[in-house]
Amino acid sequence: MEIRLKRIYETPSEADGLRVLVDRLWPRGIKKDDAKVDLWVKTLAPTTALRKWFDHDVAKWNEFRTMYSDEIRNNDDFKTLVERISAEPVVTLLFGAKDTEHNNAVVLAEMVKNTL
């Protein structure tokens with residue numbers, strides 16, 4: 001399986017495969033019909049407290065990764081997600097953050113890859 005990352009604000013593509021939104025909040029300005037989201041796993045997004053604490057501050061990135069990884073490991077929905085996507089040839093994790101290198105989708109993708 002190939003796991004890709006993509007901002008939800010980018011145009012959907014057939015090459016995206018299964019499109020999975022991994023944010024807790026629906027992205028502003030995106031209509032649900034236009035987003036072409038196949039699965040929304042808001043229960044695997046960082047908790048509100050962690051999301052607000054991180055606030056996309058790159059200086060907090062390493063600590064955020066550790067804290068968010070712990071949240072994922074303790075979330076029963078993670079196993080369900082892995083089982084659901086394991087047979088898909090391509091899965092694209094969608095996120096709203098402007099920073100494409102420091103966001104929850106990056107951490108979640110690493111966790112999925114390490115589990116498969």
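Helix α3 has 13 residues and reaches 18 Å from its first C-alpha to its last, close to the 18 Å expected at 1.5 Å a residue. The expected span is 1.5 Å times one less than the number of residues in the helix. Helices (H or I, at least four residues) and strands (E, at least two) are DSSP runs, numbered from the N terminus.

This is a predicted model, in which local features need pLDDT of at least 70 and side-chain atom pairs count only at pLDDT 80 or more, while totals for chains, interfaces and linings use all residues. Residues are numbered from 1 along each chain as its sequence is written, and side-chain values use heavy atoms, with hydrogens and water left out.

**Helix α3**

The buried residues in α3 are W61, F64, Y68, S69 and I72. They lie on the same side of α3, because they cover an arc of only 130° around the axis. The arc is that of the directions from the helix axis to the C-beta atoms. Buried means under 20% relative accessible area, exposed over 50%, and partly exposed in between (1.4 Å probe, protein chains only). On the other side of α3, N62 and R73 are exposed. The cover over the buried residues of α3 includes α2 (48-54), α4 and α5.

R51 is found in helix α2 and is partly exposed, at 31% relative accessibility. The C-alpha atoms of R51 and Y68 are separated by 9.2 Å, and the two residues are 17 apart along the chain. Leaving aside residues up to four places away in sequence, R51 touches L25 and P46; contact means heavy atoms within 4.5 Å.

**Helix α5**

Helix α5 (residues 104-115) has twelve residues, and from its first C-alpha to its last it reaches 17 Å, close to the 16 Å expected at 1.5 Å a residue. N103 caps the N-terminal end of α5, with a side-chain oxygen 2.8 Å from the backbone nitrogen of A105. Within α5, the buried residues are N104, A105, V106, V107, L108, A109, M111 and V112. These buried residues pack against β1 (2-7), α3 (61-73), α4 (76-85) and β4 (90-95).

**Strand β4**

Strand β4 is mostly covered, with six of its six residues buried. In a regular strand the side chains alternate between the two faces of the sheet. Both faces of β4 are covered: V90, T92 and L94 are buried on one side, and V91, L93 and F95 on the other.

Two strands pair if DSSP finds at least two bridges between them. Strands β1 and β4 run parallel and are joined by six bridges; here L5 stands opposite L93 in β4. Strand β2 (residues 18-21) also runs parallel to β4, with four bridges joining them. The bridge partner of V20 in β4 is L93.

What does T92 touch, not counting residues up to four places away in sequence? The residues are R4, L5, K6, D16, L18, R19 and V20. T92 lies in strand β4 and counts as buried, at 1% relative accessibility.

**Salt bridges**

A salt bridge is a side-chain nitrogen of Lys or Arg within 4 Å of a carboxyl oxygen of Asp or Glu. By this rule the count comes to six. The table lists some of them.

| Pair | Distance, N to O |
|---|---|
| E2 and R4 | 2.9 Å |
| D16 and K6 | 3.0 Å |
| D70 and R73 | 3.0 Å |

In the pair of D16 and K6, both residues are buried. The side chains of D16 and K6 meet in a salt bridge. D16 lies in the loop between β1 and β2 and K6 in strand β1, so the pair ties together parts that are ten residues apart in sequence. K6, D16 and R19 are linked in a network of salt bridges.

E2 is partly exposed, with a relative accessible area of 37%, and R4 is partly exposed at 28% relative accessibility.

D70 and R73 both lie in helix α3, three residues apart, about one turn of the helix. An α-helix has 3.6 residues a turn, so residues three or four places apart point the same way. D70 counts as partly exposed at 35% relative accessibility, whereas R73 counts as exposed at 53%.

Methods. Polar contact = N/O pair within 3.5 Å; in protein donor to acceptor, adjacent residues only side chain to side chain.
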